[in-house]
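Here is a walk through one protein model. Keep the structure open and follow along.

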Amino acid sequence: MSKYTLLMLLLIAAVAQELTETAAQDLPEGFPKCKRDANFDKCLVDAVNVAIQQLKAGNKEFGIPPLEPLTVKKLVIDAGNAPINLRQALKNVKVHDMISTSKIQRYRTDLDKHLIICDSRTDRIEMIGDYEMSGRILLLPITGHGKANVTLINTKIEHRLIGEPFEKDGVKYMRLKDYRVSFDPKRVYMNFENLFNDKTLSDGMNRFLNENWETVFNELKVGYAKSFGIIFRELSNKLFEKVPFDNIFLS
Ligand SMILES: *[C@@H]1O[C@H](CO)[C@@H](O)[C@H](O)[C@H]1NC(C)=O
């Protein structure tokens with residue numbers, strides 16, 4: 001092989017590499033697509049329900065980690081409002097059942113405004129991790145660290161995906177700049193092991209928290225929603241930033 005041929009081959013390899021790195025991608029195989037017609041919002045319900053279940057094991061090509069269970073390094077919940085004035089951190093969290101028991105029920109989209117609103121229902125969200133907590137709940141001081149289990153049953157979730165357009169190589173994409181979540185569970189079970197470093201006090205406080213779960217969770221849920229909004233936004237953008245707008249939403 002002459003020096004010249006070798007040089008050409010290297011050049012071609014370099015260009016090919018460049019192309020694959022910047023080339024627009026299509027949605028993962030098997031993802032249903034929807035046409036932007038009168039039936040669009042309905043079509044999206046079925047399409048996204050199929051897509052989410054396909055993503056359970058993650059997707060290497062798009063850098064999406066396994067979602068069942070979903071691993072979360074840290075969830076920090078700050079609730080500054082009386083009567084609950086609490087700082088709670090959950091670390092090394094595994095979120096079980098959230099993906100497999102979720103069903104999207106309705107979409108309301110306005111793609112001209114890059115706005116997607118959706119309602120979903122999730123039978124079970126079981127968060128297991130290490131907690132640290134200090135502050136007050138219903139005027140009572142609470143402090144501790146150990147294993148935590150926070151489980152939400154039958155949760156209605158509203159998702160508001162607020163997108164913005166951007167261009168890459170003259171092609172239109174949409175990324176999410178905000179992903180707002182609100183949770184409305186039918187029941188929340190909480191268990192924080194080792195509160196106050198004392199078994200009897202801990203058992204008593206856990207009983208109290210569960211008896212008053214609605215009041216307690218109402219103060220915490222904005223914090224949980226914020227954390228999940230950030231997680232959902234990052235996951236969604238792994239697709240949105242790689243697949244052109246018109247490849248996701250067919251014209
Ligand atoms: C977490 O709590 C829920 C609700 O009480 C319970 O069903 C589940 O078994 C618990 N999970 C673990 C790992 O203890």
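Buried means under 20% relative accessible area, exposed means over 50%, and partly exposed lies in between, with a 1.4 Å probe and protein chains only. The model is predicted: local features need pLDDT of at least 70, side-chain atom pairs count only at pLDDT 80 or more, and totals for chains, interfaces and linings use all residues. Residues are numbered from 1 along each chain as its sequence is written, and side-chain values use heavy atoms, with hydrogens and water left out.

Start with charge pairs. A salt bridge is a side-chain nitrogen of Lys or Arg within 4 Å of a carboxyl oxygen of Asp or Glu. A search of the whole structure gives 15 of them. One pairs Lys33 with Asp26, at 2.8 Å from N to O. Lys33 is partly exposed at 30% relative accessible area. Asp26 is partly exposed too, at 41%.

Next, look at Glu241 and Arg175. Their side chains form a salt bridge, 3.4 Å from N to O. Glu241 sits in the loop between helix 4 (213–240) and helix 5 (245–248), and Arg175 in strand 7 (residues 171–192), so the pair ties together parts 66 residues apart in sequence. Helices here are DSSP runs of H or I with at least four residues, strands are runs of E with at least two, and both are numbered from the N terminus. Glu241 is partly exposed at 32% relative accessibility. Arg175 is partly exposed at 27%. Glu158 is partly exposed at 25% relative accessible area, and Arg160 is partly exposed at 30%.

Asn237 touches Arg175 and Leu176, not counting residues up to four places away in sequence. Contact means heavy atoms within 4.5 Å. Asn237 is buried, at 8% relative accessible area.

Now turn to the interior. In soluble globular proteins, nonpolar side chains tend to be buried together. A nonpolar core is a set of buried Ala, Val, Leu, Ile, Met, Phe, Trp, Tyr and Cys residues joined through side-chain atoms within 4.5 Å. The largest core has 65 residues, and Leu75, Met127, Phe183, Tyr224 and Phe228 touch the most other members. Helix 4 gives the largest share of this core, twelve residues. Take Phe228: beyond its neighbours within four places in sequence, Phe228 contacts Leu75, Val95, Met98, Met127, Val181 and Phe183.

The expected span of a helix is 1.5 Å times one less than its number of residues. For the 15 residues of helix 2 that gives 21 Å, and the end C-alpha atoms are 21 Å apart, which agrees. Its buried residues are Phe40, Leu44, Val45, Ala47, Asn49 and Ala51. They pack against strand 1 (34–35), strand 4 (102–110) and strand 8 (249–250). Ala51 is buried at 9% relative accessibility.

Grid points are joined across faces, edges and corners, and a volume is the space filled by probe spheres set on the points. There is one cavity of 30 Å³ or more. The largest cavity holds about 820 Å³. Its lining counts 34 residues, and Val48, Ile52, Tyr107, Tyr179 and Ser236 lie nearest its centre. The largest pocket holds about 170 Å³. Its lining includes Pro65, Pro66, Pro69 and Leu70. Strand 2 (70–79) and helix 4 each give two or more residues to that lining.

Finish with the backbone. Pro69 lies in the loop between helix 2 and strand 2. A cis peptide bond joins Glu68 and Pro69, with omega about 0 degrees. Asn92, in strand 3 (residues 85–96), has a positive phi near 50 degrees. Asn92 is exposed, at 54% relative accessible area.

Note on methods. On a 1 Å grid over the protein atoms alone, a cavity is a set of points where a 1.4 Å probe fits but cannot get out, and a pocket is an open set with protein on both sides within 12 Å along at least five of seven lines; lining residues have an atom within 4 Å of a point.
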